[in-house]
Amino acid sequence: MSFIQRVARMGANALLGELRVTTIGKGTVTATVPVLKQLCNSYGSLHGGAAATLVDIVGTMALLTKDPLRAGVSVEINTTYLRSAKEGEHLIITGRLWANFVIITDYMQKGSAHIYLQNTDEVVVTGRHTKAL
């Protein structure tokens with residue numbers, strides 16, 4: 001079954017059911033998730049869409065540490081894929097809010113999220129996330 005078929009059958013949120021938040025600080029969040037089959041592409045490694053979703057979710061969590069009532073809307077998500085993560089490996093995702101700014105009349109926040117292999121600390125994905133509030 002393809003990644004898209006699994007999402008259609010299970011729903012997008014079901015894909016991240018194993019996501020666990022391990023630390024929350026001011027403007028920072030750290031979480032872990034195992035690379036389960038439902039997060040994998042047909043090559044048995046973390047699907048790029050699943051990685052982008054992790055950047056979105058953990059990046060938004062970091063933003064919410066500053067104002068839990070204003071999740072905002074994404075205006076830009078950028079992901080860079082540096083290496084694969086295979087089914088069965090465990091990931092650490094760190095999210096960090098690092099800028100508040102105004103563009104014309106919109107208040108924006110910029111953050112980042114990085115995905116690492118838990119056993120080796122090798123970077124799998126780096127991501128940037130901009131949200132309008």
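**Salt bridges**

Tutor: Residues 24 or more positions apart make up 63% of the chain's contacts with a separation of 6 or more, a contact being heavy atoms within 4.5 Å. This is a predicted model, where local features need pLDDT of at least 70 and side-chain atom pairs count only at pLDDT 80 or more, while totals for chains, interfaces and linings use all residues. Residues are numbered from 1 along each chain as its sequence is written, and side-chain values use heavy atoms, with hydrogens and water left out.

The chain has 2 helices and 6 strands, in the order α-β-β-α-β-β-β-β from the N terminus. These are DSSP runs, numbered from the N terminus: helices are H or I with at least four residues, strands E with at least two.

The whole structure holds 2 salt bridges. The term means a side-chain nitrogen of Lys or Arg within 4 Å of a carboxyl oxygen of Asp or Glu.

Take Glu76 and Lys110. Their side chains meet at 2.8 Å, N to O. Glu76 sits in strand S3 (residues 73–81) and Lys110 in strand S5, so the pair ties together parts 34 residues apart in sequence. Lys110 is buried, at 15% relative accessible area. Glu76 is partly exposed, at 24%. Buried means under 20%, exposed over 50%, partly exposed in between (1.4 Å probe, protein chains only).

Next, Glu122 and Arg83. Their side chains meet at 3.0 Å, N to O. Glu122 lies in the loop between S5 and S6, Arg83 in the loop between S3 and S4, so this pair ties together parts 39 residues apart in sequence. Glu122 is partly exposed, at 35% relative accessible area. Arg83 is partly exposed too, at 30%.
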